[in-house]
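Please look over the sequence and the structure below. A short report on a few selected spots follows them.

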Amino acid sequence: MINFEKFVLDNGLRVIVHEDKSTPMAVVDVMYDVGARDEDEAHTGFAHLFEHLMFGGSMHIESYDEPLQMAGGENNAYTTNDLTNYFCQLPAENIETAFWLESDRMFSLAFSPNSLEVQRKVVIEEFKEHYINKPYGDVWHKLRDLSYKVHPYKWMTIGKDISHIEQVTLQEVKDFFRKHYTPSNAILTVAGNVTTDQVKKLAEKYFGDIPAGDKYVRNIRQEPKQEKSRMMEVAAPVPLDALYKSWHMGARLDNGYYVAEIITEILGGGTSSRLFQKLVKEKQLFSDIDCSHMGSIDPGLLTISGRLVKGISPETGEDAVFEELEKIKTEMISVVELEKVKNKTESMLAFEDISLMNRANSLANYELLGDANLMNTELEKYHAVTREEILEECRKIFSDDNSSTLYYRSTVK
């Protein structure tokens, strides 16, 4: 059980406090309810660009990193399609430094042409390194665009096209900040050797006077049900042929989500999983194979991906995958196999909670979903999954009409 207190400032900032007296450290996590799904299709990559811009200095603090390092702290950030998160860890006795830094950049981020140019170049280089010049780097760009026709999950957090970041203006950046980076669109989570009273005083002192801003209200076009299978082929100078298949699955809070997560583990959760044992170890068709899902707030994708052994075609690999999917769609899994996966899921969740940083981040994530206490109760939803539900969900997800397939063929002889 993860104990926490929650309160809301007058400007709408939600604050969560998790006291842990066993550590001399504290974590300050600020999560903004904005991700790549909140972008316009002609102007993508903004949420990720902001992850970088937020470290470019604020109105009263030229450098974010320097004061934090002087206080013995470290920091990082990440962006997804659903959210943007900034977090730092430092000795609890210096926690006021983190409040000062986070509040100043929320209230008055410094927008300078120089800062924009510096971070623009960083993001463009990241785009080139990881998505253009890297073997298989464009896979998710293509697979998302194939799988989604309406929903903004059709593009990656890095952006749909590198030109969107190349052409972004300072005014567009300012508008994005004013729309999304407000107290009413944020969650402040503080964990570690602190008290709730201490956090309340610091939150009021540093964040209380920041104007609430207009609460951003989403109006995202939801993806219609896919009625026909989709197919794409790519040829590139990659080492091996590869196969990628995606199917639409339930949203983060749907009951079907928990069933799909169990299915993902059964099929692709490590070397003991069905796909690895059958297609890598026994039949030696794939050099590696994986089954994963996006974990997204809106309905996401469950994906099977694998690189094939030299000389094995994507068609042969796909036939073998179909064979395994037919088994899980027609044969009830055993009680032993289900319990093994449930136990592994429980262990993974428990392991995640060991780190103070992870606990703070999880509380923020669950609060963003609507209830921080889900952190304490969600395991019950996994334990409640039945063999019958797995059979039913497999038939629902692994329908041919619900699939998008990408053959990635090697041109290397």
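This report covers an annotated domain, one glutamate and the cysteines.

**The annotated domain.** The model is predicted. An unreviewed UniProt entry carries the annotation "domain: Peptidase M16 N-terminal" for residues 14–129. Over residues 14–129 the chain is 39% helix and 24% strand. The end C-alpha atoms of that stretch are 37 Å apart.

**The glutamate.** E51 sits in helix α1, which spans residues 46–53. Its relative accessible area is 14%. Buried means under 20%, so E51 counts as buried. Which residues does E51 contact, leaving aside its neighbours within four places in sequence? They are A77, Y78, T79 and Y86. With T79 there is also a polar contact: the two side chains meet at 2.5 Å. N76 is 25 residues from E51 in sequence. In space, the C-alpha atoms of E51 and N76 are 9.3 Å apart.

**The cysteines.** How many disulfides does the model hold? The count is zero. A disulfide needs two cysteine sulfur atoms within 2.5 Å. The closest cysteine sulfur to that of C291 is in C394, 9.3 Å away, so the pair is too far apart for a bond. Seen from C394, the closest cysteine sulfur is in C291, again at 9.3 Å and too far for a bond. Both cysteines are buried, C291 at 5% relative accessibility and C394 at 0%.

| Residue | Relative accessibility |
|---|---|
| E51 | 14% |
| C291 | 5% |
| C394 | 0% |

Technical notes. Residues numbered from 1 in each chain as written. Predicted model: local features only at pLDDT ≥ 70, side-chain atom pairs only at ≥ 80, totals over all residues. Heavy atoms only, no water. Helix = DSSP H or I, 4+ residues; strand = E, 2+ residues; numbered from the N terminus. Buried < 20%, exposed > 50% of the residue type's maximum accessible area, 1.4 Å probe, protein only. Contact = heavy atoms within 4.5 Å. Polar contact = N/O pair within 3.5 Å; in protein donor to acceptor, adjacent residues only side chain to side chain. UniProt positions renumbered as here; feature names shortened; annotations may be inferred.
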